[in-house]
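Dear colleague,

Please find below the structure I promised to hand over, together with its sequence. My findings follow directly after it.

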Amino acid sequence: MSSTTSAAISLAAITSNLAVVRKTAPRSKVMAVIKADAYGHGLVPVAAHLDDVDGFGVARLNEAQALRSDGIAQPITLLGGFLDEIEMHSAADLKLDVVVHSPHQLALLQGQHFSGGIWVKVNSGMNRLGFPIDSLPKVLDALAFHNVIGIMSHLASADSDREYTRQQIDTFLGGASAFGLPLSLANSAGILDYPDSHLDWVRPGLMLYGVSPFAAQRTQLTPAMMLSAPVIAINNIPAGEKVGYGGTWIAEKASKVAVLATGYADGYPREITAPVLLCGQRRQLAGRIAMDMTCIALHDTDQVAVGDQVVLWGGELPIEEVAELAGTIPYTLMCHVASRVTRQYV
Ligand SMILES: *Cc1c(COP(=O)(O)O)cnc(C)c1O
């Protein structure tokens with residue numbers, strides 16, 4: 001028995017979700033986005049498992065470093081690129097491809113030999129990173145002595161705004177098609193909902209982990225993570241007594257309350273108001289989520305023992321639903337699963 005919160009990660013689910021990507025975008029190469037510890041699923045185990053993708057995308061140099069020191073040899077793209085000369089040389093040493101999105105980076109590259117591939121990033125409507133799309137001829141000119149491997153951009157609202165997304169796709173194709181370079185635009189929402197955004201490379205993150213970027217669940221994806229915590233105590237609470245910090249939960253009648261070994265330090269957010277699953281049955285929280293503990297209200301008939309596992313998300317309790325009840329998105333829940341949570345690969 002272990003008194004830690006645990007995340008069961010199904011690598012088979014990730015394989016099956018990759019198959020969904022390939023089926024949905026059959027003509028595109030796949031850059032699997034595994035930044036942020038593979039969205040909480042474990043950077044190296046997920047990368048080692050995804051051995052037949054065409055490349056990986058990470059956000060930070062230290063993520064790429066971790067992959068290379070664990071022997072991951074596939075192409076890795078540093079999605080945010082480098083910030084200074086030291087990072088530029090580190091990226092080259094690690095044999096990374098980099099995203100170049102700013103005049104600052106162009107200046108660093110001037111007169112330098114950079115051995116890796118360069119994705120030129122243009123702005124098509126996110127207005128965050130990227131060159132103005134009509135400056136592409138100049139930018140490509142400035143990179144004439146470098147190995148430009150493609151042009152990319154990023155969708156801002158593919159999960160929520162059809163018209164804006166259509167406009168972004170048109171802007172990108174209009175400005176980037178003429179150079180004969182590979183093109184990349186689609187994230188998960190683009191892959192699932194906008195076939196004409198697929199182009200030469202797709203960049204799935206969320207959907208690889210079996211989570212839909214849309215509020216409505218996509219049944220073809222298989223969730224890869226189940227987060228659960230053991231019951232560490234079961235208490236009889238007399239009517240009128242309070243439970244937890246601030247005494248925000250009051251027993252209306254004599255009640256049974258179970259204490260779970262999970263809290264916000266495990267990544268179970270304090271703001272959450274979602275149910276949990278006890279033997280497949282939904283039960284409600286009793287009082288505030290604390291750093292290490294969370295209480296749930298049991299039914300009188302519940303047969304619960306210390307050590308029993310309670311599901312916080314996964315299985316019959318989709319993370320999309322938990323995220324909505326927590327006023328957030330599945331991305332943040334998965335990324336915040338703490339390092340003290342044990343990952344079990346199944
Ligand atoms: C994170 C990221 C993705 C993946 O997005 P999902 O919505 O998780 O599929 C794709 N491209 C870039 C540039 C990213 O930063």
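In this predicted model, 42 residues line the largest pocket, and those nearest its centre are K35, A59, L79, R128 and H154. The volume of the largest pocket is about 980 Å³. By residue type, its lining comprises 22 nonpolar, 12 polar and 8 charged residues. Several helices contribute at least two lining residues each, namely α2 (35–39), α4 (61–69), α6 (103–109), α9 (188–193) and α11 (330–335). The largest pocket lies between domain 1 (11–210) and domain 2 (225–345), because both give residues to its lining.

Two individual residues were also examined.

Leaving aside residues up to four places away in sequence, S228 touches T5, S6, Q309, V310, V311 and L312.

With a relative accessible area of 26%, L173 is partly exposed. Apart from residues up to four places away in sequence, L173 touches L183, D196 and L199. L173 and L185 are 12 residues apart along the chain, and their C-alpha atoms are separated by 9.6 Å.

With kind regards

Notes. Residues numbered from 1 in each chain as written. Predicted model: local features only at pLDDT ≥ 70, side-chain atom pairs only at ≥ 80, totals over all residues. Heavy atoms only, no water. Contact = heavy atoms within 4.5 Å. 1 Å grid on protein atoms, 1.4 Å probe; cavity = no way out; pocket = protein on both sides within 12 Å on 5 of 7 lines; lining within 4 Å. Points joined across faces, edges and corners; volume = space filled by probe spheres on them. Helix = DSSP H or I, 4+ residues; strand = E, 2+ residues; numbered from the N terminus. Nonpolar A, V, L, I, M, F, W, Y, C, P; charged D, E, K, R; others polar. Domains from an automatic or database assignment. Buried < 20%, exposed > 50% of the residue type's maximum accessible area, 1.4 Å probe, protein only.
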